[in-house]
Amino acid sequence: MEQKLKDLKQRFPYKSFAWSPDTGDIYEYKDGVVDWGNAILAKYKILGNKVHKLSNTDPRTALKAQIQVGDQLLNIVTTHLIHSHQQESQLQQSQVKKLL
């Protein structure tokens, strides 16, 4: 994880970050371990963040971060919903409702 952040910082200059690993397994990849999850990189200060579990049957999460931009506070949310292959999915609908 630390090397990933160093690589990202070289490619995209940012001041702060928030990371939300999914709640499932850590997967093996040909070059080592891959951590799945969501990240928010910001050139402004992240004041806090919270991880939201989207389902009891799927390990996906949403990450919410509060970012200070001047005198404004922005709430940013990022996620990656379960793949539906362009078909309606009850699980995906449930995940979206949890975000709202």
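Analyst: One cut-off before we start: buried means under 20% relative accessible area, exposed means over 50%, and partly exposed lies in between. Ala 39 has a relative accessible area of 41%, so Ala 39 is partly exposed. Keep in mind that this is a predicted model.

User: What is the average pLDDT of the chain?

Analyst: pLDDT is the predictor's confidence in each residue, from 0 to 100. In this chain, 78% of the residues score at least 70. The chain average is 77.

User: In what order do the helices and strands run?

Analyst: The chain has two helices and seven strands. Read from the N terminus, the order is α-β-β-β-β-β-β-β-α.

User: What share of the residues counts as buried?

Analyst: The chain exposes about 7,600 Å², and carbon and sulfur atoms supply 51% of that area. The chain has 100 residues. The buried share is 24%.

User: Is Ile 40 buried or exposed?

Analyst: Ile 40 sits in strand 4 (residues 37-42). Leaving out residues up to four places away in sequence, its contacts include Phe 17, Ile 46, Leu 63, Ile 67 and Ile 76. Its relative accessibility is 6%, so Ile 40 counts as buried.

User: How far apart are the C-alpha atoms of Ile 40 and Ala 65?

Analyst: Ala 65 is among the residues that Ile 40 touches. Along the chain, the two are 25 residues apart. Their C-alpha atoms are separated by 7.5 Å.

User: Which residues does Ala 39 touch, not counting those up to four places away in sequence?

Analyst: Ala 39 also lies in strand 4. With residues up to four places away left out, Ala 39 touches Ala 18, Trp 19, Leu 63 and Thr 78.

User: Which residues are in contact with Leu 47, leaving aside neighbours within four places in sequence?

Analyst: Leu 47 belongs to strand 5. At 43% relative accessibility, Leu 47 counts as partly exposed. Leaving aside neighbours within four places in sequence, Leu 47 is in contact with Gln 66, Gln 68 and Leu 73.

User: Which residue has its backbone oxygen 3.3 Å from a polar side-chain atom of Arg 60?

Analyst: Arg 60 is in the loop between strand 5 (45-53) and strand 6 (61-69). At 18% relative accessibility, Arg 60 counts as buried. A polar atom of its side chain lies 3.3 Å from a backbone oxygen, and that oxygen belongs to His 80.

User: Where is there a nonpolar patch on the surface, and what is its accessible area?

Analyst: Leu 100 is one of its members, and Leu 100 is found in the segment after helix 2 (90-99). Because its relative accessibility is 86%, Leu 100 counts as exposed. The patch is formed by Val 77, Val 96, Leu 99 and Leu 100. Together their accessible area is about 380 Å².

Methods. Residues numbered from 1 in each chain as written. Predicted model: local features only at pLDDT ≥ 70, side-chain atom pairs only at ≥ 80, totals over all residues. Heavy atoms only, no water. Patch = residues over 30% accessible without salt bridge, like charges linked within 9 Å, V, L, I, M, F, W, Y side chains within 5 Å. Areas by Shrake-Rupley, 256 points an atom, 1.4 Å probe, with all protein chains shown as cover. Salt bridge = Lys/Arg side-chain N within 4 Å of Asp/Glu carboxyl O. Helix = DSSP H or I, 4+ residues; strand = E, 2+ residues; numbered from the N terminus. Buried < 20%, exposed > 50% of the residue type's maximum accessible area, 1.4 Å probe, protein only. Polar contact = N/O pair within 3.5 Å; in protein donor to acceptor, adjacent residues only side chain to side chain. Contact = heavy atoms within 4.5 Å.
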